[in-house]
Every structure is written in structure tokens, then in C-alpha cells.
Amino acid sequence: MTSNRLRRRAGFLAAVACLSATSLVLISCAPIVEPVVAQRGYILNEKDLKKIKPKQTTREQVKEIMGSPSTASTIQGDAWYYITSTTETYLFFPPEEVDRTVVAFYFEKSDTVQQIAYYGLEDGEIVDLQTRTTPTRGKELTVLGQLFSNLGRFNKQTDSKKGVGPVPGRGGGM
């Protein structure tokens, strides 16, 4: 009787081992997940960019050819910026910017294009405008410190103090 039970158990374990080996082989043959690519902002057209010539094209002509700029600046002269950004998203991870192109048109006081500049992702600087963290006062405890800091802080209530909890500002009970 014991040998029949061992044979059934061995057969069951062999079947489980075969199924798990087969599933591992099938999972390893699964296709690679492609990232989701998204392009945001102004879609640059090389034909339109070739129409704009420095010292010849006016601000109004740039607006007719390129459309409204993504942003404009009046600091250190007058400039219009057309920004394109490409991001990739894998599965549930946050999107990651893989490419950025900025075309800048700098204008003279006579409203003609003075210079055209191209900037990429490597030219940008990360500016943290808002960190969203609030500094706390006091000492910072680790997880283990928080778990073990409450050991020994239990208050035993006697019959005369039933229903009376700890008083704020005092260590322990009354």
C-alpha cells in the first residue's frame, strides 16, 4: 500500500515538474514588449524650416509658415520656440523622454529673423521648481527603530484608573 502511494506521489511530482518546465520554455519564447512611443508638441517639417531665411523673413511670415510658437521669450531679446518631445513608455513604468528638439527663432528689433538655433535633449538642464517635500523636525528613525521604539511603553490600568488613558504631555499614565 505504501509503494502505491509513493508511486502516485512520484507521478504527480513528475507531472508538476514537466508542466513547470514546459511553461518556462513557453514563457521564454514570448515576444519582447515594445515601448509605446509618443510625440508631443510641434511636429517639425523640414520643408517649412528651409523657407525661413535669417535677415529676410519677418515675424508674420514665420507665423504663417510655422504657426503659433510653443512658447515665446522676451528675455535677452525677442525669441520664439517650437518644441518637439518624444517619449517612450514600457509597460507600467513612467514615461521617459528620449528625444527633444527645440527650434528657436531670434528676432531683431525690426521684426525680422536674426538667427535660427537648434537645441536637443543634451542641451537642456533639469530645473526642479517644486520638490514636494516638507522637512520634519526631530530625529529620523529607521523602520526597525520605529518598530522597537514602542517596546515597554504599555500602560497597565489598575482598577482605580479604568477608563482613564494617558495624559498628553506626560510619559505614560497619570
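**Salt bridges, cores and a surface patch**

Glu 108 is partly exposed, at 24% relative accessibility. Buried means under 20% relative accessible area, exposed over 50%, and partly exposed in between (1.4 Å probe, protein chains only). This is a predicted model, where local features need pLDDT of at least 70 and side-chain atom pairs count only at pLDDT 80 or more, while totals for chains, interfaces and linings use all residues. Residues are numbered from 1 along each chain as its sequence is written, and side-chain values use heavy atoms, with hydrogens and water left out.

Glu 108 has a salt-bridge partner, Lys 55, with the closest N and O atoms 2.8 Å apart. A salt bridge here is a side-chain nitrogen of Lys or Arg within 4 Å of a carboxyl oxygen of Asp or Glu. Lys 55 sits in the loop between helix 2 and helix 3, and Glu 108 in the loop between strand 4 and strand 5, so the pair ties together parts 53 residues apart in sequence. Lys 55 is exposed, at 55% relative accessible area.

The whole structure holds 5 salt bridges. Another one joins the side chains of Arg 59 and Asp 78, at 2.5 Å from N to O. Arg 59 is in helix 3 and Asp 78 in strand 3, 19 residues apart. Arg 59 counts as buried at 15% relative accessibility, whereas Asp 78 is partly exposed at 22%. Asp 111 joins Arg 59 and Asp 78 in a network of salt bridges. Glu 97 pairs with Arg 100, and their closest N and O atoms are 2.8 Å apart.

Now the overall layout. The protein chain has 4 helices and 5 strands, in the order α-β-α-α-β-β-β-β-α along the sequence. Helices (H or I, at least four residues) and strands (E, at least two) are DSSP runs, numbered from the N terminus. Of the 174 residues in the protein chain, 17% are buried.

In soluble globular proteins, nonpolar side chains tend to be buried together. A nonpolar core is a set of buried Ala, Val, Leu, Ile, Met, Phe, Trp, Tyr and Cys residues joined through side-chain atoms within 4.5 Å. The largest one has 12 residues, including Leu 49, Met 66, Trp 80 and Phe 107. Helix 3 (59-66), strand 3, strand 4 and strand 5 (113-120) each supply at least two residues of this core. Strand 4 gives the most, with 3 residues. Phe 107 touches Arg 59, Asp 78 and Trp 80, among others, not counting residues up to four places away in sequence; contact means heavy atoms within 4.5 Å.

A second, separate core of 6 residues includes Tyr 81, Val 102, Ala 104 and Tyr 106. Both Tyr 81 and Tyr 106 are buried.

The aromatic pairs number 5 in the whole structure. Rings of Phe, Tyr and Trp (its six-membered ring) pair if their centres lie within 6.5 Å; planes under 30 degrees apart count as stacked, over 60 as edge-to-face and the rest as tilted. Tyr 81 and Tyr 106 have ring centres 6.4 Å apart and planes at 90 degrees, so this pair is edge-to-face. Tyr 81 lies in strand 3 and Tyr 106 in strand 4, 25 residues apart. Tyr 42, Tyr 82 and Phe 105 form one aromatic cluster.

Asp 48 is in helix 2 (residues 46-51). Asp 48 counts as buried, at 16% relative accessibility. Leaving aside neighbours within four places in sequence, Asp 48 contacts Ile 65 and Met 66.
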